[in-house]
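This report describes the fold and several individual residues of a single protein chain.

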Amino acid sequence: MAAVDTTAAVVDCAGLATREVNRAIRRHAASGAPEIVVENPAARHALAVALEATTTVRFTGSVGWYAAGMNQGPHIVVEGNCGWGLGECMTEGRIDVQGNAGSGTAASIRGGQVFVRGDTGARAGIAMKGGTLIVGGDVGYMSGFMMQRGTMIVCGDAADGLGDSLYEGVIYVAGRVASLGADADEHELTEADGVTLRRSLEPYGIDAGSLGFRRIESGRRLWNFSAREPELWRSAL
């Protein structure tokens, strides 16, 4: 567990409704608190959402569904696990999770960075429109589904359907891929890819050079309908 700033504001969730917790976080952020420590979150849903601030919000336990969604700017730290929908639609900021996260992690994010040290469930990075998702462990099925922009880095394995129907963006995966999704192709790493991986993973103590990453991106065969590849379209629809 990281050292806690003794000057940080503290919100104790015990006995408070979710709305009261979020109001307390918002009030401390508006007053300029550099860090807000949230104790006893008890896996409540929808905590620290729609924040427009640069403060750090540190949860000293697990959080539930849709934590840190629609944020613009804050640094969210979760010293535990997260339910599904972590960081959905975030436009700017950073999320660091020290445990695992559920399905739909970083769904539709437009910017910022989400890091999960453990595993994520199905459809991690679904419909990403920017930003970066880094998973230290494995991802579930259909991760990267309909990704439109951004970067996903998976240090472990990927279940079936990785990158299904992605339009743009890049997925780097180091472990075993059960199967690629429709129109997802594997490409060789470039020197620039190596730099990107090293710079992205160094802050988390992960040596990119020790992992055998591959690059997955769109084959662009679904960009325009073609009657010549009916099976590809059937698999995507």
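## Backbone and fold

Cys 89 lies in the loop between β4 (72–78) and β5 (92–97); helices (H or I, at least four residues) and strands (E, at least two) are DSSP runs, numbered from the N terminus. The model is predicted, so local features need pLDDT of at least 70 and side-chain atom pairs count only at pLDDT 80 or more, whereas totals for chains, interfaces and linings use all residues. Residues are numbered from 1 along each chain as its sequence is written, and side-chain values use heavy atoms, with hydrogens and water left out.

The phi angle of Cys 89 is near 65°, a positive value in a residue other than glycine. A positive phi also occurs at Ala 48, near 55°, in the loop between β2 (35–39) and β3 (56–59). Most residues other than glycine have a negative phi.

| Residue | Relative accessible area | Class |
|---|---|---|
| Ala 48 | 1% | buried |
| Ser 165 | 9% | buried |
| Cys 89 | 33% | partly exposed |
| Val 10 | 47% | partly exposed |

Ser 165 is situated in the loop between β8 (149–154) and β9 (170–173). Its side chain makes a polar contact of 2.7 Å with the side chain of Asp 164; such a contact is a pair of N or O atoms within 3.5 Å, where within protein one must be able to donate a hydrogen and the other to accept it, and residues adjacent in sequence count only if both atoms are side-chain atoms.

Val 10 belongs to strand β1 (residues 9–12). Apart from neighbours within four places in sequence, Val 10 is in contact (heavy atoms within 4.5 Å) with His 28, Val 37 and Glu 39. Val 10 and Val 135, 125 residues apart in sequence, are separated by 29 Å from C-alpha to C-alpha.

For the protein as a whole, the secondary structure comprises three helices and 11 strands, in the order β-α-β-β-β-β-β-β-β-β-β-α-β-α from the N terminus. Of its 237 residues, 52% count as buried. The C-alpha atoms fill a box of roughly 60 × 35 × 25 Å along the principal axes. Among contacts with a separation of 6 or more, 25% are between residues 24 or more positions apart.

Key
Buried means under 20% relative accessible area, exposed over 50%, partly exposed in between (1.4 Å probe, protein chains only).
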